[in-house]
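Thanks, everyone. I'll go through the contact between the chains, then two local spots.

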Amino acid sequence: MFGLGKTREPENLDVLMTCKACAEQTTYGTLLQNAMVCPSCGAYMRMRARERIDLIMDEGSFSEMDKGLKSKNILSFPEYDEKIQKAMETSGENEAVVCGIGSIEGVKTAIFVMDSHFMMGSMGTVVGEKITRLFERALKDALPVIGFTTSGGARMQEGMFSLMQMAKVSGAVKRHSDAGLLYIAVLTDPTTGGVTASFAMEADITVAEPNALVGFAGQRVIEQTTGQKLPEGFQRSEFLLKHGFVDLIEERKKLKYTLSKILKLHR
Amino acid sequence: MKAYERVMQARNSHRAMGLFYIQRLLSNFVEMHGDRRYSDDGAIVGGIGLLNDMPVTIIAMERGSTVEERVKRNFGCPSPEGYRKALRLMKQAEKFHRPVICLIDTSGAYCGIGAEERGQGQAIAENLMEMMTLKTPVLSVVIGEGGSGGALALGVADSVIMLENAVYSVISPEGCASILWKDASKAAEAAEVLKITAHDLKKRGIIETVIPEENRTNEEICDDLKAELLKRLEKSAKLPVSKLLEERYNRYRKIGL
């Protein structure tokens, strides 16, 4: 919803960012203080993984896993090396998901946070591997998992290797679940395609941010396939709530409190 | 043969489809309908029958070979109720200790308003999770087009077999070309780079077996497939369930890194 600040270096806190919903300009520092919500119109900015971790996890509690894993161009797919390089520069991350262990109001939990600033949060083998390892670690240590999803779906550039990650992660989610452990998914804007058709929809408790786009098929594809005009609010969180596919919608600023409340009810 | 020629073969309306394979593979087939939640999806045909003398559950996507059939089958694009019917029949197979055979042939899960309202993503996701721990052997065969998540929803198995002219892809070559080069007419080039043919996928460890098609009749192809299914089922029948599930998990666990 906003123009992007390049990094989260402290010197950039004064950078002005423009809200795409109301065109109001706000400094990055003010936005951070406000959980990346536009102070004038209330629109939600797509958060970077580390901004989210700062917002949700207890200060200094987060310890990252598998930070060094980087994608390889396994199919020698055209322009993929350049795309990865560019995504690493603009996002400041090695891949589209950040995983680790930390605590939320004192409750130790495993967490993964996807980042749409890295190739639209698309899932290739590294994203699949990191999330799988997180669930396996959480199973071993008997920890709950909280996962923030945002993704354009499976990553085209890794072909069938990407599609298979849907099955791989689902297997790890199932083992974690069968051990009686808790998984909470938080759906954020946008969550689509192969991520919606796998671990975004496999949680015990599914929370969504307001007005997040969540669906399987892309809206343009649906319009082209059916020739129908899409109803107002189609594939938004409120639509999913109405149709029975999310447990609750929570405001970003109350998320930490709500997540901790749910975690504490499972101790 | 070029990858895109195989795509054309896989989509050919004269190609043998799910119902042909069900009828030739099995005797005493009894079809079962409905997901017990919402409706019955014509794009997925499921039921029980005998593979030689072994009762099996078979679940097939069917595109339809006549205009009326295609409409009835929604051109082989399953809706959430189709995936839920499939899962219901898989659970039934688990209960009665029958192996499950899935036949995949779809351009993709249906892209429609109703499909989204009824949770297309959730239906596929649930199948991926449940198939991973289904306590009975599961074999999947891509007989035509394996279109992304909508195909994978019947594709979590102990082994995945492909017919030689079948394709299996994360995105259609046309979709890939229009994203990559803003030009859907470059689909043939996209088909090459995506590595979607049976031979390409076998080489990369995504599938186990390719059933040859060249100079073979549909009947011969089906009989070869039947022999392959029997061989694999015989092998899994010897495994304790815990070992079967361990191997199924590891089959996917090792893909990628």
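How much area is buried between chain A and chain B, and what percentage of it do carbon and sulfur atoms give? Keep in mind that this is a predicted model. The buried area is about 4,200 Å². Carbon and sulfur atoms give 74% of that. Three residues stand out on chain A: Met156(A), Met160(A) and Phe216(A). Together they supply 16% of the area that chain A buries against chain B, more than any other three residues.

Now the polar side. The rule finds three salt bridges across this interface. One pairing is Arg175(A) with Glu246(B), at 3.6 Å, N to O. There are also 10 residue pairs in polar contact across the interface.

Next, helix 4 of chain A. It runs over residues 125–140. Its 16 residues reach 22 Å from first C-alpha to last, close to the 22 Å expected. Its buried residues include Glu129(A), Lys130(A) and Phe135(A). Just after this helix, Ala142(A) takes a positive phi of about 55°.

Last stop, chain B. Arg88(B) sits in helix 4 of chain B, residues 80–95. Arg88(B) is buried, yet has no salt bridge. Where is the nearest side chain of opposite charge? That is Asp40(B), 6.9 Å away. Further along the sequence, Arg88(B) touches residues including Met32(B), His33(B) and Asp35(B).

How values were computed:
Residues numbered from 1 in each chain as written. Chains lettered and ligands numbered in written order. Predicted model: local features only at pLDDT ≥ 70, side-chain atom pairs only at ≥ 80, totals over all residues. Heavy atoms only, no water. Helix = DSSP H or I, 4+ residues; strand = E, 2+ residues; numbered from the N terminus. Expected span 1.5 Å × (residues − 1). Buried < 20%, exposed > 50% of the residue type's maximum accessible area, 1.4 Å probe, protein only. Lys, Arg positive; Asp, Glu negative; His and termini not counted. Salt bridge = Lys/Arg side-chain N within 4 Å of Asp/Glu carboxyl O. Contact = heavy atoms within 4.5 Å. Buried area = accessible area lost by both parts, 1.4 Å probe. Polar contact = N/O pair within 3.5 Å; in protein donor to acceptor, adjacent residues only side chain to side chain. Lists of a residue's contacts leave out its neighbours within four places in sequence.
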